[in-house]
Amino acid sequence: MRDVAVRLVAGPLEIVSLIVILLLVAAAVAAPLLAPFDPAAADGFNTLRGPSSRNLLGTDFLGRDVLSRLIYGAQVTAAVAIGSVAISILFGVPLGLVSGYFKGLTDTVIMRFIDALYAFPPLLLSLVLVAMLGPSMYNVMIAVGVIMIPTFCRLARAQALVVSAQTYVVAAQTIGTPAHRIILWHLWPNIAAPVIVQLTIGMAWAILAEAALSYLGVGVRPPTPTWGVMLAEGFQYLRINPWLSFIPGMAIFLTVFALNILGDALRDGLDPRLRN
Amino acid sequence: MSDATGDPQRPLVSVRDLKVQFAVAGGRQVVRAVDGVSFDIHRGETLSLVGESGSGKTTVGQALLGVVPIAEGEMRIGDVSLPARTAADRRRLRRSAQMIFQDPYSSLNPRMRVGDIIAEPLRANGIGATRGERQKRVAELLGLVGLPADAADLLPHEFSGGQRQRIGIARAIATEPDFIICDEPVSALDVSIQAQIVNLLGGLQKRLHLTYLFIAHDLAVVRYVSSRIAVMYLGKIVEIGTRDEVIRNPSHPYTQALLAAVPGIDPAREATRQGVMLGGEIPSPINPPSGCAFHPRCPLAEARCSREVPRPHRLSATHQAACHLLADASEPSKG
Amino acid sequence: MRIRTLGAIALAASVMLAGAAAAETPQRGGVLIQAYVTEVTSMDAHQARAGDSRVMLGPYAAYLVYVDSEGNFLPGLATGWEWESETQLRLDLREGVTFHDGTPFNAEAVAFNVDRIAGRTEPAIVSPGAADMRAVTGIEIVDDLTIRLSFDQVRAGFIQQLGAYWAGMLSPTAIEEMGEGFALAPVSAGPFRVTEYRPGAFVTYERFEDFYGVDEHGEQLPYLDGMRLMILPDNASRAAALQAGDIHLDQRVEAAQVMQLEADPNINIVEIPGFNARWIAFNTGLPPMDNVHVRRAIIHAINPEEVNMALHQGRAAAANQFFSPTSWAHDPDAPWLEYSPEKAREEMALAGFPDGFSFSAAHYGGPWRAEAELIQSQLRRVGIDMQVDAMDLASFSQLYRRDAVYHAGFTGHPMTARDPAHLFHAFHHSTGAFADPSRTTVYDEVIDRALLTLDDAERGAVLSEAFRMVYERAGEAYYIWVPAHRAFRHDVRGYALFSDGTSDCVTCWLAR
């Protein structure tokens with residue numbers, strides 16, 4: 001773990017990325033303390049104002065405080081990123097491990113299902129899912145999580161195929177260790193590293209997906225602010241007040257960028273070949 | 001060689017006419033990895049199974065442990081007929097038969113602590129109800145294989161190859177088995193370390209009354225550890241006998257070729273050896289040669305070698321070899 | 001005092017919009033590209049379910065009668081009409097007209113269309129005009145070009161209904177031959193033929209060479225070779241496409257884009273003041289919305305002026321009844337429930353919810369998205385929690401109007417010169433196409449009376465009576481009248497609006 005920690009602060013880019021993510025988490029956790037205003041409180045007589053001492057990032061088209069919305073939006077962004085990746089790992093990784101360990105018919109059945117899921121255009125599928133489930137933060141998590149299941153399943157399966165050919169798995173079989181324990185003791189710890197790297201990429205993807213769904217108007221139910229919703233709303237006033245979409249756009253960009261940098265750093269840190 | 005039923009010296013392990021086949025190329029072709037192998041191993045002895053890679057020697061070991069399915073034949077370890085049909089039999093078998101692997105690196109999970117690796121067979125077989133009991137047993141086992149007790153808290157990559165093999169041996173003896181399959185346990189190690197491990201295995205055999213099936217790809221190591229030696233070629237045993245019979249009086253040209261590759265054995269036979277230097281590669285078991293499978297590489301092959309499969313010929317009560325050239329010299333064995 | 005105009009800007013079809021352009025000689029050729037915010041529920045005119053469907057239907061569908069902004073009837077496929085008695089109407093049909101598929105237009109075709117809208121053909125369809133056409137109790141084909149319709153009772157305003165968007169005359173042979181496929185390739189006798197329709201994406205039209213219409217110089221209409229109508233739901237994208245020259249005409253410009261487009265010298269903007277009423281319809285059958293105090297509390301809590309300032313730059317006006325001053329049916333003396341948080345709290349206490357209550361509302365996007373969010377915030381200030389769901393129009397029709405699972409729906413209507421009693425009927429009569437999902441019958445008697453009253457002044461009085469009933473029941477929450485805006489590039493000439501605020505571009509041409 002020391003190696004991983006060292007890699008994460010290896011360069012200035014990694015340090016900045018770590019700070020960005022920590023800020024996001026801090027904003028999400030402490031939103032009620034940090035936000036100066038209620039993010040849903042409109043003031044129709046004070047709309048589209050630029051930054052001022054009262055509203056540090058100005059107000060939006062309904063006169064709501066942009067800073068407060070940005071901070072509360074981090075809550076949804078973080079929740080969707082963590083929640084949807086958790087769903088996809090919870091379902092995708094065990095399926096992939098079982099598929100890659102047992103092979104044969106089990107593998108065929110599971111992968112047929114996963115391939116079918118994978119055949120849908122991902123954003124379209126999540127659109128349909130949210131439309132079916134109804135707009136709410138949890139349903140967005142489910143919709144985004146479901147479409148990432150194949151990614152994690154395939155990753156886990158490919159790794160499980162490699163690891164289950166290792167002699168220590170054969171050794172475990174000869175010892176008589178039951179299959180579920182072989183998967184838990186031998187397969188899972190040895191495929192965790194690539195899954196963790198994929199996790200950061202998955203989170204970045206989930207943030208973009210949430211923004212896209214919100215932009216299309218099927219995401220989280222208003223007035224809950226999300227960065228995607230802010231981006232979509234701001235886009236209407238792009239010519240007049242460009243910062244309204246620039247600010248959430250920048251927040252999304254920085255977060256996704258930071259997650260990608262950290263994903264790369266984690267990959268290097270978790271790879272035993274790159275250890276000294 | 002008939003089954004020794006009722007014999008007080010009943011063998012611990014008995015294998016009769018074992019065949020193992022694998023489907024390849026999408027099931028269109030069949031590899032006869034093991035093609036009719038029979039042998040017995042008596043309590044306390046070490047039978048070595050020698051052959052090049054592809055001879056099927058490792059598959060025999062895996063078949064004994066139930067890792068690969070058998071196509072035909074009968075096997076027995078102790079009182080358990082294989083493959084074990086009941087859960088109770090499987091449990092007994094797992095406790096009584098274990099394996100030591102060739103590669104001390106890939107056979108140990110790199111993310112598991114040594115204590116957990118050695119305790120895995122205990123947990124899997126429900127030995128040692130509490131963690132404390134298991135820890136005590138692990139410390140004991142580490143002592144038996146010559147490792148300090150605090151090794152239990154370390155990860156495999158913190159050990160050398162020889163030390164890792166000691167960990168693998170500790171894991172194999174954890175359940176107090178009667179029978180251990182040693183799958184080329186020293187061939188991945190430095191020559192200087194090999195002797196230590198061989199000595200350890202020998203010491204443990206005496207101390208714990210172990211019976212070994214010792215799988216090896218050449219005769220260099222086995223001559224020190226074996227009671228008896230069986231030489232395999234392309235899924236079949238071509239020669240079997242006591243250590244001295246096989247080493248001093250190798251009767252099959254393949255055995256002679258293997259011996260020729262080992263320096264420092266019996267210089268008296270030097271002249272013979274020159275005639276049987278082994279050339280070429282072992283043929284594919286998907287499409288084995290006709291007649292005697294060894295004939296394309298055999299310097300002494302005659303016309304009938306490519307047509308007829310040679311039967312085993314009894315050279316002594318304990319010594320047999322399957323070669324047409326021996327037919328004139330002795331009677332074919334029965335059974 | 002009732003004003004009987006739509007304002008100087010909305011002119012009848014075939015009248016030039018820009019005075020300066022009138023002197024120019026129209027140039028033939030070219031393909032006009034226009035964009036609209038949403039798509040029709042069906043391209044089969046009889047089954048379309050929203051007034052603004054005219055944008056997509058108008059180019060291909062031909063109507064018996066057109067209504068100008070003065071409320072005057074203009075001849076279409078019918079060249080004459082006469083009430084032979086109080087319950088008998090004779091229509092004289094235009095000679096030599098064929099549908100796009102070559103089927104001749106005649107009295108038999110009219111009879112088929114009337115029966116189909118009424119739901120009397122097989123397979124039976126559901127049309128928003130069903131109630132109007134079911135009033136026709138007898139059809140007599142006098143000769144090929146003359147038809148006589150009999151009614152169960154006096155039907156004031158029936159002629160206007162012949163010009164409603166759903167009353168297009170469609171080819172009977174095409175309907176019979178194509179079955180359900182008709183909605184994808186509809187056939188009528190309008191100025192353009194539909195050549196391709198991709199639901200949700202675009203419609204392309206091509207000039208119908210045998211169109212019956214001519215301009216004032218006797219020149220064959222239309223001038224354009226064809227048209228393409230793109231569905232671009234995003235308001236900013238439509239405006240950007242117009243400025244970039246990718247489209248010639250934006251059939252719906254929202255307030256947020258008006259300022260941006262006004263600054264562009266290549267763009268003309270048409271404003272129709274007070275044209276669209278926006279309001280919240282209550283599902284008065286679903287508790288707690290069955291409680292009049294709950295409804296009053298909601299109306300009192302809405303601040304229309306804030307909606308106007310925030311979302312319409314002050315161009316709109318606070319609404320207090322169904323018809324804006326643009327319509328002659330507007331009643332300046334009608335009472336209303338003004339914005340007052342104090343009164344809202346009083347009504348909440350009366351309703352038994354002094355600490356607030358919760359209800360669900362649906363809308364189908366467009367301008368309602370932002371308005372609903374602002375009103376949601378206003379309601380929250382007095383403790384009312386409104387859960388808002390956005391959906392498409394088809395889901396809205398299903399979930400709000402048919403299944404009645406929402407407490408409220410954001411809706412609206414244009415101030416067309418269509419007979420006001422019929423418009424009021426559509427939204428309030430228990431058989432109306434857009435009625436309260438609870439199907440309340442409280443307004444049925446007064447609406448039926450209005451429809452039977454031929455004299456305008458008398459009908460106005462009956463309508464005022466109906467407005468008072470709405471007020472007393474607090475049956476719906478009017479909040480704003482907004483101007484409608486259309487924007488087009490300078491090379492678009494001959495742009496004209498129908499009385500219902502839409503344009504079929506029959507007289508449009510492109511200057512080169």
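**Figure 1. Chain B at a glance.** Of the 335 residues in chain B, 53% are buried, meaning under 20% relative accessible area with a 1.4 Å probe and protein chains only. This is a predicted model, in which local features need pLDDT of at least 70, side-chain atom pairs count only at pLDDT 80 or more, and totals for chains, interfaces and linings use all residues. Residues are numbered from 1 along each chain as its sequence is written, chains are lettered from A and ligands numbered from 1 in the order in which they are written, and side-chain values use heavy atoms, with hydrogens and water left out. Chain B holds 10 helices and 12 strands; these are DSSP runs, numbered from the N terminus, with helices being H or I of at least four residues and strands E of at least two. Its accessible surface is about 15200 Å², and carbon and sulfur atoms supply 49% of that; the areas come from the Shrake-Rupley method with a 1.4 Å probe.

**Figure 2. The nonpolar cores.** A nonpolar core here is a set of buried Ala, Val, Leu, Ile, Met, Phe, Trp, Tyr and Cys residues joined through side-chain atoms within 4.5 Å. The largest one has 217 residues, and those with the most contacts inside it include C:Met43, C:Phe105 and C:Tyr205. Helix 4 (residues 66-102) of chain A gives this core its largest share, 15 residues. Another core, of 59 residues, lies apart from it, with B:Leu141 and B:Tyr254 among its members.

Figure 3. Have a look at C:Tyr205, which stands opposite C:Met227 in strand 10 of chain C. Strand 9 (residues 202-207) of chain C and strand 10 of chain C run antiparallel, joined by five bridges; strands count as paired if DSSP finds at least two bridges between them. On strand 10 (residues 226-231) of chain C there is also a parallel pairing, with strand 1 (residues 31-36) of chain C, over six bridges. There, C:Gln34 has C:Leu229 as its bridge partner. Leaving out residues up to four places away in sequence, C:Tyr205 touches C:Met43, C:Pro59, C:Phe192 and C:Leu229, among others, a contact being heavy atoms within 4.5 Å.

**Figure 4. Helix 11 of chain C.** Helix 11 (residues 368-381) of chain C is mostly covered, with 11 of its 14 residues buried. Among them are C:Trp368, C:Glu371, C:Leu374 and C:Gln378. After helix 11 of chain C comes C:Gly383, with a positive phi near 100°.

Note on methods
Buried means under 20% relative accessible area, exposed over 50%, partly exposed in between (1.4 Å probe, protein chains only).
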